[in-house]
Protein chains: 2
Amino acid sequence: MKLYFSPLACSMATRISLYEAGATAELIEVEPSDAAYARVNPLGQVPALVRDDGSLLTENAAILQYVADRFPEANLAPRDAEGRTRLQQWLSFIGTELHKVVFGVLVDKEAPPEAKKYAVEKAQRRLDWLAAHVEGRDTLLDRFSVADAYLLTVLNWSVVTPIDLKKWPAIERYVGKMRARPSVAKAMGEEMTLYARRQA
Amino acid sequence: MKLYFSPLACSMATRISLYEAGATAELIEVEPSDAAYARVNPLGQVPALVRDDGSLLTENAAILQYVADRFPEANLAPRDAEGRTRLQQWLSFIGTELHKVVFGVLVDKEAPPEAKKYAVEKAQRRLDWLAAHVEGRDTLLDRFSVADAYLLTVLNWSVVTPIDLKKWPAIERYVGKMRARPSVAKAMGEEMTLYARRQA
C-alpha cells in the first residue's frame, strides 16, 4: 500500500490507524495542489491510498474503514452491524460537519474572510453536540476506532483558527487523552516535523 | 421507523431508498431550524431516523447504509467488501465535496455572497471528476445504490444555484436517467408538492 499524505492534513488519520495496526505502508508526502499530484488523484486531495492491486481509493471514510477491515486484529472498527452503523455516523459527522463545514474552511488560506466567519458561526452547535457525547468518555465508541483518529486530526487544526476548544472542556480533555496515545503521539511528532520543515 | 424530513432536503435520498425497497416508514415533515425539532435532533438537521427500538440515527451516509442493510432484498448496497468500500467512497464524496463544500452553501439563504462565490469556485474540479465517472453510466456502481439516491438529491439543488449542469452533459444525462426511475419520480413529485405548499 502507498499512502499519499500532506503533513497534518486529514491524511494523518490513516497514518495513526496504520500505527495502531502495526502495519507498514509506503508514505508519500505530496503537495495536494501540485499538478503532478493531480495525476495520482484528479481531485487534488489527500489521503489517497494505492492498494496492493494498484487501485486507488480516496475519501477518508472509505480509506479508514478499508484499513480497519484490512487489519481486523487491531479492532479499529466495530464488526457488529450496530457498531458499524454508529462508526459510519461518526465518520460522516466528522467529515461533513466538522471537517468540511467548519475547520476545512478555517485552515484554507484561500477562503475569503466572510466564508471563515460563516464557518465559525456553524461551529458552536456542532461542538456543543460533540462535547455532550465525549463528556466522560475517552473514545467516540466503546473503544478506540478510526473515527477517533479522524476526529483528533481535525480538532488539532483548531490551534490556527478562532475556535478555542477551552470553551468545551470535555472536548479539550478528549483531545488531551487522545494525544497521549502512542500511535497519535508518534504520528503527530513526525508530521509536525515535516510541516515545520515545509514552512521553513 | 420514523423518518424526519424536510421537502427536497437531503433526507429525500432516504425516501427514495425506502421506495426502492418497497418499505414503509412514518414520514414526518419538519422545519429543521425549529426549536421543537432540536428536541429530536440537537443538530437541527435532517434526515433523522428513529428506529424501531427508539434509537436515533443521523447522517446520510449512516442512515442510507442502515436502510440498505435493513432491506437486503432490494440490493441498495453492495454486500461484498470491495463494493461496500466503493459505496462508502461515493457516499463520502457526495456528502463532503458536493453537499457540504458546494451545494449546501449555495442553497443556504444565510450564507454570505463571498461564501457562495467560494463554493462556486470549488464546483468545477469536483463536477469534472464526477462527469468523468458517470460518462456512459446510468449508476455510480454497477447497479442502482443508495449513493445514486443521495447524488440525485444533491444535484437537483443545482437549479437554484449558479451551477448549470449543462456544462457537464454526462452528469445531465445521468440526472435525466435517474429522474425517470419510478422511486425517484414518486419521491420528487411528492416532495415538490410539499415544498411548493411551504413556499406559498
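Through which surface do the copies meet, the same one or different ones? In this predicted model, 98% of the interface residues of chain B are also interface residues in chain A, so the copies meet through the same surface.

The symmetry can be followed from there. Two copies of a chain are related by a rotation about an axis and a shift along it. Here chain B is superposed on chain A by a rotation of 180 degrees, with 0.0 Å of shift along the axis and an RMSD of 0.0 Å. That is the relation of a two-fold axis. Within chain B, the C-alpha nearest this axis belongs to B:Ala115, which lies 2.2 Å from it.

The extent of the interface can be given both in residues and in area. On the side of chain B, 40 residues are in contact with 39 residues of chain A, and between them the two chains bury about 3300 Å², of which 54% is on carbon and sulfur atoms. Of the area that chain B buries against chain A, 19% is supplied by B:Leu43, B:Tyr118 and B:Arg125, more than any other three residues supply.

The rule finds six salt bridges across it, and one salt bridge joins B:Glu82 to A:Arg51, with the closest N and O atoms 2.7 Å apart. The count of residue pairs in polar contact across the interface of chain B and chain A is 22, taking pairs in which both residues have a pLDDT of 80 or more.

The elements of chain B that give two or more residues to the side touching chain A are the strand β4 (56-58) and the helices α3 (60-70), α4 (81-106) and α5 (113-134). Of these, α4(B) gives the most, with 13 residues. Sorted by class, the side of chain B that touches chain A has 16 nonpolar, 12 polar and 12 charged residues.

The C-alpha atoms of chain A fill a box of roughly 45 × 40 × 30 Å along the principal axes. A compact globule with 200 residues would have a radius of gyration near 16 Å, and the value for chain A is 16 Å, which agrees.

Notes
Residues numbered from 1 in each chain as written. Chains lettered and ligands numbered in written order. Predicted model: local features only at pLDDT ≥ 70, side-chain atom pairs only at ≥ 80, totals over all residues. Heavy atoms only, no water. Contact = heavy atoms within 4.5 Å. Buried area = accessible area lost by both parts, 1.4 Å probe. Salt bridge = Lys/Arg side-chain N within 4 Å of Asp/Glu carboxyl O. Polar contact = N/O pair within 3.5 Å; in protein donor to acceptor, adjacent residues only side chain to side chain. Helix = DSSP H or I, 4+ residues; strand = E, 2+ residues; numbered from the N terminus. Nonpolar A, V, L, I, M, F, W, Y, C, P; charged D, E, K, R; others polar. Least-squares fit on C-alpha atoms with pLDDT ≥ 70 in both. Rg over C-alpha atoms; globule rule 2.2 N^0.38 Å.
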